[in-house]
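Take a look at the model below.

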Amino acid sequence: MDTLTHALSGALLARATAPKDAPPRSLPRRIAAGFFACAAPDLDFVVSFVGPVEYLANHRGVTHSLVLLPLWALLFSWVLAKILREPRGWRALYGVTAMGLALHIAGDVITSYGTMVLAPLSDWRAQIGTTFIIDLWFSGIIVAGLVASAVLRRSRWPAVAASALLAGYVGFQYLQKEKALEFGGRHARALGLGGATVNAQPRPVSPFNWTVFVSDAEAHRFAHVNLERTEARSYRPGDGFIAMLDSVYGPMSAAPWETRTRFGEGATRALAQEAWNSPAMAVYRWFADLPAFDGTSAGPACVWFIDLRFYTPGRATQPFRYGACRDTPETPWRLVPP
């Protein structure tokens, strides 16, 4: 989830959980602490300065860990107490800081990227995959709750109501994902792919927009669908960026299925398999849930792969496209970003 939405959700939670008997003038400091604490785990963006491969391996790692949360809460509450000039010291902010950090982790778990909640003990990545990384409805509920709280600043109930609505919205998205998975399961049975894996990924603009995957050892078959739409939505130049993104997702009854192979076909297949299984691709094999072959290039020889979890029609470039390259058939493969 984007960092600003994280921060705003932390402010909303801080207001919703503010005690009635809190000291005068402590509420602004509490809300500020929730805002900054809920954004703090994304400080791991500094790893990107080391390199894109290091970022891939470490983003949403130790800073997003439930194991280390008490330690991070202690550190951030101490820093925030100094910055916000909290007269009662770090102890007054520890609780809201810990809740902000936990909320950030929860906000990332509901997306598809994966979050290493047990780091550094394990690199297992938790992901529920109900919510697109930038969800305007999700962010809008938070903003509406904060605005209502500012208008009715003596009451915490607008923030409580918005928090409850936000939880309900994510639950609603979970039900939509179940519908998308059922649709994919029907398609797998129609093709006679009994051992196929069915996957559904949230997409932008609407909680009804999904990309559904039916995958086996050779290929991914996928369709972009809107779970409620009965007719395709046309797009004309000038309708706007959001309309363009939304128009891709058609009714399930008329969904066109596409296919992307894992290793390509013909002469490139053996080379792609060799590149994919090389030690250089270990980090990307760990990261990519829906890897697909994305072509080759020469000088040096490179084989490219994408993770279809992040394949969104309408984007000029696709994120998390990595390649395995080597200078000659005798030299080892190396992992490279685009």
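Q: Which elements each supply at least two residues of the lining of the largest pocket?
A: In this predicted model, they are α6 (136–151), β1 (197–202) and α8 (241–247). The largest share, 3 residues, comes from α8.

Q: What makes a residue part of the lining of a pocket?
A: A lining residue has an atom within 4 Å of a point of the pocket. In the largest pocket, 36 residues line the space. Of these, F132, I133, I134, F310 and R315 lie nearest its centre. The volume of the largest pocket is about 760 Å³.

Q: How does the lining of the largest pocket divide by class?
A: It has 20 nonpolar, 8 polar and 8 charged residues.

Q: What is the volume of the second largest pocket, and which residues are closest to its centre?
A: The volume is about 520 Å³. The lining holds 23 residues, and R15, A18, L27, I31 and R153 are the closest to the centre. At least two lining residues come from each of α2 (27–39), α5 (91–109) and α6. By class, the lining of the second largest pocket divides into 12 nonpolar, 3 polar and 8 charged.

Q: What makes a space a cavity and not a pocket?
A: In a cavity a 1.4 Å probe fits but cannot get out, whereas a pocket is open. The structure holds 1 cavity of 30 Å³ or more. About 50 Å³ of space lies in the largest cavity.

Q: Which residues line the largest cavity?
A: The lining is made of T130, T131, F132, D135, Q173, P202, R203, S206, P207, N209 and W210. By class, 4 are nonpolar, 5 polar and 2 charged.

Q: Why are β7 and β8 called paired strands?
A: Pairing needs at least two bridges. Strand β7 (residues 301–307) and strand β8 (residues 322–326) have 5 bridges, so the pair meets the definition. The sense is antiparallel.

Q: What makes β6 and β9 edge strands?
A: The sheet is open, with 4 strands in the order β6-β7-β8-β9 and antiparallel pairing. β6 (291–297) and β9 (334–336) each pair on one side only. From one strand to the next, the twist averages 30 degrees.

Q: Which helix lies across β6, β7 and β8?
A: Helix α9 (residues 268–276) does. Its angle to β7 is about 75 degrees.

Q: How do you know that R260 and D294 form a salt bridge?
A: The cut-off is 4 Å between a side-chain nitrogen of Lys or Arg and a carboxyl oxygen of Asp or Glu. In R260 and D294 the closest N and O atoms are 2.8 Å apart, so the pair qualifies. The structure holds 15 salt bridges.

Q: Why is the peptide bond from A119 to P120 called cis?
A: Its omega is near 0 degrees. P120 lies in the loop between α5 and α6. Most peptide bonds are trans.

Q: What makes the phi of R85 worth a remark?
A: It is near 55 degrees, a positive value in a residue other than glycine. Most residues other than glycine have a negative phi. R85 sits in the loop between α4 (69–84) and α5.

Definitions and conventions
Residues are numbered from 1 along each chain as its sequence is written. This is a predicted model: local features need pLDDT of at least 70, side-chain atom pairs count only at pLDDT 80 or more; totals for chains, interfaces and linings use all residues. Side-chain values use heavy atoms; hydrogens and water are left out. On a 1 Å grid over the protein atoms alone, a cavity is a set of points where a 1.4 Å probe fits but cannot get out, and a pocket is an open set with protein on both sides within 12 Å along at least five of seven lines; lining residues have an atom within 4 Å of a point. Grid points are joined across faces, edges and corners, and a volume is the space filled by probe spheres set on the points. Ala, Val, Leu, Ile, Met, Phe, Trp, Tyr, Cys and Pro count as nonpolar, Asp, Glu, Lys and Arg as charged, and the others, Gly among them, as polar. Axes are lines fitted to C-alpha atoms, for helices over the stretch in contact, and angles run from 0 to 180 degrees between N-to-C directions. Contact means heavy atoms within 4.5 Å.
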